[in-house]
Amino acid sequence: MKKNSQHSSAKRMWGGRFTADTDTLVEAFGASVDVDKRMALEDIEGSIAHATMLKKQQILSEEECRLICQGLETIRDDILADQFVWNTALEDVHMNIEHELTQRIGPVGGKLHTARSRNDQVATDLRLWLRKAGLRIADELHTIRCELVNLAESHLGVIMPGYTHLQVAQPVLFSHHLMAYDAMFRRDAERLTQTLERLNESPLGAGALAGTGFEIDRIVAADQLGFNDVMMNSMDAVSDRDFVLDFLSFSSIVMIHLSRLSEEFILWSSQEFRFITLPDSHTTGSSIMPQKKNPDMCELIRGKAGRVCGSLMAMMMTMKGLPLTYNKDMQEDKEGVFDAVDTVEWSLKIYSSMLPHIEVHADRMRQAAGAAFSNATDLADYLATKGVPFREAHEIVGHLVRICLSENKTLESLPLEKMQEVCTLIASDVQEYLRLDAVVSARSSVGGTSPEEVERQIKKARKQLCP
């Protein structure tokens with residue numbers, strides 16, 4: 001097999017000790033610029049901060065710093081205008097920008113890399129990029145929570161079946177069900193805040209792994225970049241990606257929550273449930289069956305959750321066996337987290353735009369809640385108030401349910417005389433206990449499904465979202 005030995009004319013920034021050119025297959029396989037060029041603006045931001053610090057420490061002259069910063073700004077303008085030409089022979093975003101800087105301002109461009117390695121440079125860029133992405137996602141979490149609270153508030157009196165094992169268990173308010181997801185997204189927002197706090201330390205100036213012999217001031221660069229502090233151990237600064245794992249873990253949990261909500265919306269919008277109708281704007285049809293209305297956005301988000309969780313597992317497996325410090329394996333840190341950010345951001349946007357347009361079928365929900373003995377637990381509670389031990393009450397109600405099934409009746413439609421044949425303690429006041437509205441209202445403990453409690457949840461969420 002003939003070896004491919006054609007090469008780019010671009011000079012390798014690290015090629016001094018090499019006598020042979022890099023094979024083009026190796027060059028292409030090792031290049032990451034098609035992925036990491038997404039951090040180009042952060043790379044320039046970090047480089048300007050580094051140059052400014054070098055000038056303050058008199059490692060660069062004022063004129064050298066001015067030339068470097070102006071050159072970087074012109075490159076940034078070209079990137080924003082989509083006029084920058086990326087070269088895979090230069091491997092990554094860092095070498096592309098540094099090479100172009102030297103082309104534009106001459107050898108002084110090479111001084112930018114003084115007291116810096118690509119190892120601390122990439123760690124800095126990725127933290128800056130994730131910090132910005134995290135703030136965008138925080139806004140989207142806020143928006144979806146607002147939409148959930150709006151939907152809950154506008155349907156406060158709607159009763160639906162609550163499920164365990166996907167079997168009808170007890171009646172709950174539809175709003176209560178929605179506010180459960182608001183609670184999940186609130187915790188997601190808290191996790192994101194904690195993740196962003198932990199990653200907001202600067203690795204810049206850590207060098208390849210051991211720091212630098214130049215008299216730099218890492219705090220100056222960190223302050224300029226908005227970091228809270230510098231990372232205290234240079235080896236840790238360049239070799240760990242726990243901040244990526246943090247972000248992927250957060251992203252996976254968000255997508256799991258969205259996936260569970262998607263699964264419920266898919267079920268609820270089916271002909272068998274008919275609890276909701278999803279808007280035409282967020283559904284699709286069939287190429288062969290003209291009657292179909294498919295919940296494609298919910299299905300896609302449910303599917304994409306697996307991809308994000310997969311990125312978390314992939315990164316964990318990448319890191320689990322790596323010795324300190326930097327290893328090329330860590331180049332795999334970006335593609336998964338970039339994809340996760342895109343997926344989470346899009347999924348939250350889709351839901352926030354869909355929720356206000358969902359049609360809620362209150363009558364159908366109430367019918368489903370009343371047709372499956374969802375008030376059976378309340379009948380057992382009723383007997384317990386009459387002094388019957390709960391386990392005995394449980395058995396009595398199970399017997400009554402069996403009678404109802406054989407006679408095609410609900411508990412509330414079963415004649416009092418029939419009930420009293422099973423338990424003489426049942427009196428005419430039992431009907432009040434069995435009404436769906438009474439069953440729901442009785443759940444008035446903190447966090448329960450009574451209208452007053454759900455309204456309290458909504459008010460508390462509103463106060464958090466709009467302080």
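1. A residue is called buried under 20% relative accessible area, exposed over 50%, and partly exposed in between, using a 1.4 Å probe and protein chains only. By that rule Phe373 is buried, because its relative accessible area is 17%. Phe373 sits in the loop between helix H13 (362-370) and helix H14 (376-385), and its phi is positive, about 60 degrees, although Phe373 is not a glycine.

2. This is a predicted model, in which local features need pLDDT of at least 70, side-chain atom pairs count only at pLDDT 80 or more, and totals for chains, interfaces and linings use all residues. Residues are numbered from 1 along each chain as its sequence is written, and side-chain values use heavy atoms, with hydrogens and water left out. Helices (H or I, at least four residues) and strands (E, at least two) are DSSP runs numbered from the N terminus.

3. Leu166 also has a positive phi, near 60 degrees, in a residue other than glycine. Leu166 is placed in the loop between strand E1 (159-164) and strand E2 (167-173). With a relative accessible area of 52%, Leu166 is exposed.

4. The peptide bond from Leu324 to Thr325 is cis, with omega near 10 degrees. Thr325 belongs to the loop between H11 and H12.

5. Helix H11 (residues 296-319) has 24 residues, which at 1.5 Å a residue should span 34 Å; the end C-alpha atoms are 35 Å apart, which agrees. The expected span is 1.5 Å times one less than the number of residues. Buried residues of H11 include Cys298, Ile301, Ala305, Val308 and Leu312. The buried residues of H11 pack against helix H9 (234-239), helix H10 (242-268) and helix H12 (333-354), where contact means heavy atoms within 4.5 Å.

6. Helix H6 (residues 118-154) and H19 have axes that come within 10 Å and cross at roughly 150 degrees. Axes are lines fitted to C-alpha atoms, for helices over the stretch in contact, and angles run from 0 to 180 degrees between N-to-C directions. H6 and H19 are therefore roughly antiparallel; angles under 35 degrees count as roughly parallel, over 145 as roughly antiparallel, 65 to 115 as roughly perpendicular and the rest as oblique. The crossing of H6 and H19 is left-handed, meaning that the near helix is turned anticlockwise from the far one by less than a right angle, with clockwise giving right-handed. Among the contact residues are His142, Arg145 and Glu153 of H6 and Ile458, Arg462 and Leu465 of H19. The contact divides into six nonpolar, three polar and three charged residues. Here Ala, Val, Leu, Ile, Met, Phe, Trp, Tyr, Cys and Pro count as nonpolar, Asp, Glu, Lys and Arg as charged, and the others, Gly among them, as polar.

7. Helix H7 (residues 174-199) packs with helix H19 (residues 451-465) at an angle of about 35 degrees, with the axes 10 Å apart. The crossing of H7 and H19 is left-handed. In this contact, Ser175, His176, Met179, Asp182 and Arg186 of H7 meet Val454, Gln457, Ile458, Ala461 and Gln464 of H19. These residues divide into four nonpolar, four polar and two charged.

8. Helix H3 (residues 40-56) packs with H6 at about 120 degrees, the axes being 9 Å apart. That makes H3 oblique to H6. H3 passes H6 in a right-handed crossing. Glu42, Asp43, Glu45, Gly46 and Ser47 of H3 meet Gln121, Asp125, Leu128, Trp129 and Lys132 of H6. The residues of this contact are two nonpolar, three polar and five charged.
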